[in-house]
Amino acid sequence: MNSRLSTNIGIFFLKIMARFPFWFIYLLSGFFYLIVYYLVGYRRKVVRQNLKNAFPEKPTFEIKSIEKKYYHHFCDLTLETIKMRGMKPADFEERMKVTNAGLVNGYFEKGKSVMVLTMHYNNWEWGVYLSVHLKHKSLAVYKPLQNDVFDRFMNQTRTKFGTELIKNDQIYRRVLKSEKHNEPIFIWLAGDQTPPVFHKSWYRFLNQDALFYPGPAIISKRFNHPVFFQKIEKTSRGKYETTFELLFENPERFTENEIIKTYIQRMEEVIREQPEFYLWSHKRWKHKRPQDLPIQN
């Protein structure tokens, strides 16, 4: 069976699953957890090592406790992402509360675009519904999947509420277009993903050397877009609350390093509060810093 056919068959079943009620989705998630954690052991070595490196002060029993909580959440997140395609606006209104969209919308009234930095924490996928609460044109920066068929499937889901997806290597060009047409935009991206190794912006993130995309800082400084941090909290199973925090109103007054380091510091604070909700199975620290490249101060 070729990969395109198998992907289409998989998508067919995902569309069916998206119609299941939430109670059944979470019943499946519990069963999924037993398979993923105990039977398959999906990336358990990666998760365990990431947690040990991030929290060297924590004893083994606590690391294992966080690990199990993470896998429970990871299974919920996976099923919630599948369910997203079948969710109606009323479902999102109930399950993804936005506490202070007015803070961001105030800049639209001033004709200003904004840069919003989120991270792979709690359910960032449901953030596509933010566009309903915002006056800006919403642009979500993303990294295309290698499987183009599945990539199109996911993008159809992510754009159904009006969010425009922009590939990470095309965002600067899209911002220039918006500036030219005086179009206030909401640039939404998860700046904690791993960039290609040719980048040279190394920082300390959770006790480890980590590469970061310089783009968010470069763009926000170049156009003086206010920089926000988006915090997503899990209030109960399948329910989240998102809050915007202004980090820099006039980023042109700060260095790129100050912008990125402030973002990293805020991420770390949130992750340390409830570490089980971060994406530990991602190989975030797979690149090793060359000795001739310093840590940014």
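Biologist: Which residue lies over the face of F212, and at what distance from the ring centre?

Modeller: A charge counts as sitting over a ring if NZ of Lys or CZ of Arg is within 6 Å of the ring centre and within 35 degrees of the ring normal. Here R284 lies over the face of F212, at 4.6 Å from the ring centre. R95 likewise lies over the face of F22, at 3.6 Å from the ring centre. Two remarks on the source apply throughout. This is a predicted model, in which local features need pLDDT of at least 70 and side-chain atom pairs count only at pLDDT 80 or more, while totals for chains, interfaces and linings use all residues. Residues are numbered from 1 along each chain as its sequence is written, and side-chain values use heavy atoms, with hydrogens and water left out.

Biologist: How many aromatic pairs does the structure hold?

Modeller: Rings of Phe, Tyr and Trp (its six-membered ring) pair if their centres lie within 6.5 Å; planes under 30 degrees apart count as stacked, over 60 as edge-to-face and the rest as tilted. The structure holds 31 such pairs. One of them joins F22 and Y26, which are stacked at 6.4 Å centre to centre with 20° between the planes. These two residues are four apart in helix α2 (residues 22-40), so about one helical turn separates them. Helices (H or I, at least four residues) and strands (E, at least two) are DSSP runs, numbered from the N terminus.

Biologist: Are F22 and Y26 buried or exposed?

Modeller: Buried means under 20% relative accessible area, exposed over 50%, and partly exposed in between, with a 1.4 Å probe and protein chains only. F22 is buried at 12%, and Y26 is buried at 11%. Another pair, Y70 and Y71, is edge-to-face, with 5.3 Å centre to centre and 70° between the planes. Y70 is buried with a relative accessible area of 1%, and Y71 with one of 0%.

Biologist: Which residues form one aromatic cluster with F22?

Modeller: The cluster consists of F22, Y26, F92, W126, Y129, F161 and Y240.

Biologist: Which residues have the most contacts inside the largest nonpolar core?

Modeller: In soluble globular proteins, nonpolar side chains tend to be buried together. A nonpolar core is a set of buried Ala, Val, Leu, Ile, Met, Phe, Trp, Tyr and Cys residues joined through side-chain atoms within 4.5 Å. The largest one has 62 residues, and those with the most contacts inside it are M119, W126, I187, F205, F212, I271 and W280. A second, separate core of 15 residues includes V114, L134, Y142 and F228.

Biologist: What does I187 touch?

Modeller: Contact means heavy atoms within 4.5 Å. Not counting residues up to four places away in sequence, I187 touches V114, M115, V116, L139, V141, I171, V175, I219 and H225. Leaving aside neighbours within four places in sequence, V116 is in contact with F186, I187, W188, L189, F228, Q230 and F244.

Biologist: Which residues of helix α8 are buried?

Modeller: An α-helix has 3.6 residues a turn, so residues three or four places apart point the same way. In α8 (residues 171-180), the buried residues are I171, R174, V175 and S178. They cover an arc of only 100° around the axis, which puts them on the same side of α8; the arc is that of the directions from the helix axis to the C-beta atoms. R173 and K180, on the other side of α8, are exposed. The cover over the buried residues includes β3 (137-142), β4 (164-167), β5 (185-190) and α9 (215-223). S178 is buried at 1% relative accessible area, and S178 touches E183 and I185, not counting residues up to four places away in sequence. Just after α8, N182 takes a positive phi of about 55°.

Biologist: What covers the buried residues of α3?

Modeller: In α3 (residues 44-54), V46, V47, N50, L51 and A54 are buried. Their arc of only 125° around the axis puts them on the same side of α3. The cover includes α4 (60-83), β7 and α10 (256-273).

Biologist: In which sense do β6 and β7 pair?

Modeller: Two strands pair if DSSP finds at least two bridges between them. β6 (residues 202-205) and β7 (residues 208-211) pair in the antiparallel sense over four bridges. F205 stands opposite Q208 in β7. The hairpin has two residues between the strands, and L206 takes a positive phi near 55° there.
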